[in-house]
Amino acid sequence: MKLQPDRLEGVNAINACVPGRITINGQPWTHSVLVPWQGEVCAWDDARPGMVQAEHFERLVGLSPEVVIFGSGQTLRFAPPVVLRSLYERRIGIETMDTAAACRTYNILVGEGRRVVAALLLG
């Protein structure tokens, strides 16, 4: 049974997530990616599992999310709190999970009309 439409009206939807590839709005991505609830999906330059820096998360502040879903790759890896400081200071929530779980969670939240950004690591 199909539980959600292929494309949610007016928002970005993640269609599939397999190791090494994420499909967003029908387009495959093979590198780390930022998926805002609305607007342009874009590459998350130089972001790799175990190698995220504060600058990677500072970029998300300009998207004005209420929550960021951080997909840390194939395994769960928390970013050090100092790396997430820009989000904490602006009272932007952050949840960390493996990338497949992050994709599922993002779709649920965007379906509820939440201002969410998925920051997804592939690698």
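**Note on a predicted protein model**

1. The protein has three helices and eight strands; helices (H or I, at least four residues) and strands (E, at least two) are DSSP runs, numbered from the N terminus. Starting at the N terminus, the elements follow the order β-β-β-β-β-α-β-α-β-α-β. The radius of gyration, taken over C-alpha atoms, is 13 Å, close to the 14 Å that the globule rule gives for 123 residues, so the protein is as compact as a globular protein of that length. The globule rule is 2.2 Å times the number of residues to the power 0.38.

2. This is a predicted model, in which local features need pLDDT of at least 70 and side-chain atom pairs count only at pLDDT 80 or more, while totals for chains, interfaces and linings use all residues. Residues are numbered from 1 along each chain as its sequence is written, and side-chain values use heavy atoms, with hydrogens and water left out.

3. Overall dimensions and surface come next. The C-alpha trace spans about 40 × 30 × 20 Å along its principal axes. The protein exposes about 6,800 Å², of which carbon and sulfur atoms supply 51%; accessible areas come from the Shrake-Rupley method with a 1.4 Å probe, and for residues only the protein chains shown count as cover.

4. How much of the protein is buried? Buried residues make up 46% of the 123 residues, where buried means under 20% relative accessible area, exposed over 50%, and partly exposed in between (1.4 Å probe, protein chains only). Among contacts with a separation of 6 or more, 63% are between residues 24 or more positions apart; contact means heavy atoms within 4.5 Å.

5. The largest nonpolar core holds 41 residues, and Val35, Trp44, Phe57, Leu87 and Leu120 touch the most other members. Such a core is a set of buried Ala, Val, Leu, Ile, Met, Phe, Trp, Tyr and Cys residues joined through side-chain atoms within 4.5 Å. Two or more residues of this core come from each of strand 2 (21-24), strand 4 (33-36), helix 1 (54-61), strand 6 (67-71), strand 7, helix 3 (99-111) and strand 8 (116-120). Helix 3 gives the most, with six residues.

6. Which residues does Trp44 touch, not counting residues up to four places away in sequence? They are Ser32, Val33, Leu34, Val52, His56, Phe57, Arg59, Phe70, Ala119, Leu120 and Leu121.

7. Two residues lie in the loop between strand 5 and helix 1: Ala47 and Met51. Ala47 is buried because its relative accessibility is 4%, whereas Met51 is partly exposed because its relative accessible area is 44%. Leaving out residues up to four places away in sequence, Ala47 touches Ser32, His56 and Leu121. The C-alpha atoms of Ala47 and Pro28, 19 residues apart along the chain, are separated by 18 Å. For Met51 and Leu121, 70 residues apart along the chain, the C-alpha separation is 10.0 Å.

8. The loop between helix 1 and strand 6 contains Leu63 and Ser64. Leu63 is partly exposed, because its relative accessibility is 32%; apart from neighbours within four places in sequence, Leu63 is in contact with Trp37 and Val117. Leu63 and Val117 are 54 residues apart in sequence, yet 7.9 Å apart in space from C-alpha to C-alpha. Ser64, with a relative accessible area of 45%, is also partly exposed. Phi of Ser64 is near 55°, a positive value in a residue other than glycine.

9. Arg91 is found in the loop between helix 2 (85-89) and strand 7. Is Arg91 buried or exposed? Arg91 counts as exposed because its relative accessibility is 77%. Phi of Arg91 is near 60°, a positive value in a residue other than glycine.

10. Thr96 belongs to strand 7 (residues 93-97) and counts as buried because its relative accessibility is 16%. Beyond neighbours within four places in sequence, Thr96 is in contact with Phe70, Ser72, Leu76, Arg77 and Phe78.
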